[in-house]
Amino acid sequence: MGILLAVIIILFWTAHLLYSLLYVQTSIANPWMWFHMLVQGYLYTGLFITAHDAMHGTVSVNRKINNSLGWLAAFLFAGMWFPRLRRKHMLHHQFPGTEKDPDFNERHQNFWLWWFGFMKNYVTWYQLIIMAVLFNVLALIFPQPAIFAFWVIPAFLGTLQLFYYGTYIPHRKPHTPDMDIHRTRTQKRNHLKAMLTCYFFGYHHEHHLFPRIPWWRLYQTKEQ
């Protein structure tokens, strides 16, 4: 099931991107442009969730298939390097909500300051070079306004969605006793909302308790 869902998300992301670039008019007055930007942003989030599951080895029991799909999803998301992401994410699970957590900001709890530090921690020069090359390749085929609308902006929307529901809301201070050693809170039980907001990763305390459970089964761990 994990392989199937990973392939579906990757194919949907690719197909919707190509459809949007080819057929959706880029005009502020066109409501369909905004709709497809949001859909593509949500599919970007799905790409990263797929890469995230691969970091935990839950996409496939076959290590090569698992890592290959994780590598592909991370690269498509924003030219990210899967092994580096995995190393940092394991530190997040080992030291959640502390100064050793690469996802946490001990100094700033302000959303934008934390997000900026989060991005600075993960974005690399080689990643920016890769994205610049890809942008120029796409610009040989598609209009630049469409590339910005359906490839660049949705990537940022996906990043904001992931950060807000998967890092900021669950791990921000104050850290209360019910957050225990994982220093994470969780969204109230609402499977539809949890799926629409971040592929069930609002159930974040449950994820830290059961990191080997894939995103599409995470709702089964939710008790209240």
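Lysine 173 sits in the loop between helix 7 (144-171) and helix 8 (191-198); helices here are DSSP runs of H or I with at least four residues, numbered from the N terminus. This is a predicted model, in which local features need pLDDT of at least 70 and side-chain atom pairs count only at pLDDT 80 or more, while totals for chains, interfaces and linings use all residues. Residues are numbered from 1 along each chain as its sequence is written, and side-chain values use heavy atoms, with hydrogens and water left out.

With a relative accessible area of 35%, lysine 173 is partly exposed; buried means under 20%, exposed over 50%, and partly exposed in between, using a 1.4 Å probe and protein chains only. Not counting residues up to four places away in sequence, lysine 173 touches Phe104, Glu106, Gln109 and Arg185, where contact means heavy atoms within 4.5 Å. Phenylalanine 201 is 28 residues from lysine 173 in sequence, and their C-alpha atoms are 18 Å apart in space.

## Backbone details to look for

Which kind of peptide bond joins lysine 173 and proline 174? The bond is cis, with omega about 5°, and proline 174 is in the loop between helix 7 and helix 8. As background, most peptide bonds are trans, and most residues other than glycine have a negative phi.

Two residues other than glycine have positive phi values here: aspartate 180, near 45°, and phenylalanine 200, near 70°. Aspartate 180 also belongs to the loop between helix 7 and helix 8, and counts as partly exposed at 34% relative accessibility. Phenylalanine 200 lies in the loop between helix 8 and helix 9, and is buried, with a relative accessible area of 9%.

## Helix 1 and its two faces

Helix 1 covers residues 2-23, and its 22 residues should span 32 Å at 1.5 Å a residue; the end C-alpha atoms are 31 Å apart, which agrees. The expected span is 1.5 Å times one less than the number of residues.

The buried residues of helix 1 are Gly2, Leu5, Ala6, Ile9, Ile10, Trp13, His16, Leu17, Ser20 and Leu21. They lie on the same side of helix 1 because they cover an arc of only 140° around the axis, an arc taken from the directions from the helix axis to the C-beta atoms. The general rule is handy here: an α-helix has 3.6 residues a turn, so residues three or four places apart point the same way. Helix 2, helix 3 and helix 7 are among the elements that cover the buried residues of helix 1. On the face turned away from the buried side you will find the exposed residues Leu11, Phe12, Leu22 and Tyr23.

## Helix 4 and its buried side

For helix 4, 13 residues at 1.5 Å a residue should span 18 Å, and the end C-alpha atoms are 18 Å apart, which agrees. Its buried residues are Phe82, Leu85, Lys88, His89, His92 and His93. They cover an arc of only 145° around the axis, which puts them on the same side of helix 4.

The cover over these buried residues includes helix 2, helix 3, helix 5, helix 7 and helix 9. Exposed residues Arg87 and Gln94 are on the face of helix 4 turned away from the buried side.

## The largest pocket

The largest pocket has a volume of about 720 Å³. A pocket here is an open set of points on a 1 Å grid over the protein atoms alone, where a 1.4 Å probe fits, with protein on both sides within 12 Å along at least five of seven lines; lining residues have an atom within 4 Å of a point. Grid points are joined across faces, edges and corners, and the volume is the space filled by probe spheres set on the points.

Of the 34 lining residues, Phe77, Met80, Phe118, Met119 and Thr159 are the closest to the centre of the largest pocket. The lining divides into 24 nonpolar, nine polar and one charged residue, with Ala, Val, Leu, Ile, Met, Phe, Trp, Tyr, Cys and Pro counted as nonpolar, Asp, Glu, Lys and Arg as charged, and the others, Gly among them, as polar. Which helix gives the most to the lining of the largest pocket? Helix 7 does, with nine residues.
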